[in-house]
Amino acid sequence: MTTLTFALELRRSRMLVFWLSVIVFAYGAIIAAMYPILVENAEAFEEYMAIFPEEFLAAFGMTGSLADPGVFFTTYIGSMLWPVVAAIAAIILATRPVAADVDRGWSEVALGTPLTRVRSLAAAIASQAILLGVLALATVVGVLVVGALVDAGFDTGRFLAGTAVMWLFGCAVAGVASLLGAVTLSRAVAGGAVAGILIVMY
């Protein structure tokens, strides 16, 4: 029964994760294709960035030259893209198994089976972890694939290591959303609270 619930959660999320994966892959690919341009015009970009306050640049991870692969990845992926995508995916996925299903009356179907609430929620959380991992990997793969085509010279190992950090961030957001969804039984309240926390953190 737990396996069936896990499979159902994956199936319910397949279109959301598919289209988000397409978006993050395409974004990563486009950004990677632009990297050689950043390298060639590094001095001009640094002069442009000098007009911004240091605090603003630090907030987006732009504490060095964008020609540096690490700064490039942190800025365009880690600071600009992933927090938004992770928040969208985590809030939608994590608030659905309890809060959203209670609103829709679907939770009664699951609770009418021999499956315990703990196992049902555990199956949902496991599916969220896998799906967030797929999104994080799709983001980095888009950068690496196009980066290889344009001879960007990205360090594959370090970029893939960044996937783990991105995945952990997404899981942290999903964890808070799951907790608030279970406590409030309201998808709107849980999602709004998590979004507010992220905005304040940002």
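**Reading helix 8**

User: Which residues of helix 8 are buried?

Analyst: An α-helix has 3.6 residues a turn, so residues three or four places apart point the same way. In this predicted model, the buried residues of helix 8 are Phe159, Gly162, Thr163, Met166, Gly170, Val173, Ala174, Ala177, Ser178 and Gly181.

User: What span should helix 8 have, and how far apart are its end C-alpha atoms?

Analyst: Helix 8 covers residues 156-184, which is 29 residues.

User: What is found at the start of helix 8, and what follows the helix?

Analyst: At the start, a side-chain oxygen of aspartate 155 comes within 3.1 Å of the backbone nitrogen of glycine 157. After the helix comes leucine 185, with a positive phi near 55°.

User: How many residues are in the largest nonpolar core, and which have the most contacts inside it?

Analyst: In soluble globular proteins, nonpolar side chains tend to be buried together. Here the largest nonpolar core has 45 residues, and Leu66, Phe72, Trp82, Leu135, Phe154, Phe159 and Met166 have the most contacts inside it. Helices 2, 5, 7, 8 and 9 each supply at least two residues of this core, with helix 5 giving the most, 15 residues.

User: Which residues does methionine 166 touch, leaving out those up to four places away in sequence?

Analyst: With that exclusion, methionine 166 touches Phe73, Ile77, Trp82, Ala136, Thr139 and Val140.

User: How much space lies in the second largest pocket, and what lines it?

Analyst: Rolling a probe the size of a water molecule over the atoms shows where empty space is left. The second largest pocket holds about 210 Å³. Its lining includes Pro83, Ile91, Phe169 and Tyr202, and helix 5 and helix 9 each supply at least two lining residues.

How values were computed. Residues numbered from 1 in each chain as written. Predicted model: local features only at pLDDT ≥ 70, side-chain atom pairs only at ≥ 80, totals over all residues. Heavy atoms only, no water. Helix = DSSP H or I, 4+ residues; strand = E, 2+ residues; numbered from the N terminus. Expected span 1.5 Å × (residues − 1). Buried < 20%, exposed > 50% of the residue type's maximum accessible area, 1.4 Å probe, protein only. Polar contact = N/O pair within 3.5 Å; in protein donor to acceptor, adjacent residues only side chain to side chain. Core = buried A, V, L, I, M, F, W, Y, C linked by side-chain atoms within 4.5 Å. Contact = heavy atoms within 4.5 Å. 1 Å grid on protein atoms, 1.4 Å probe; cavity = no way out; pocket = protein on both sides within 12 Å on 5 of 7 lines; lining within 4 Å. Points joined across faces, edges and corners; volume = space filled by probe spheres on them.
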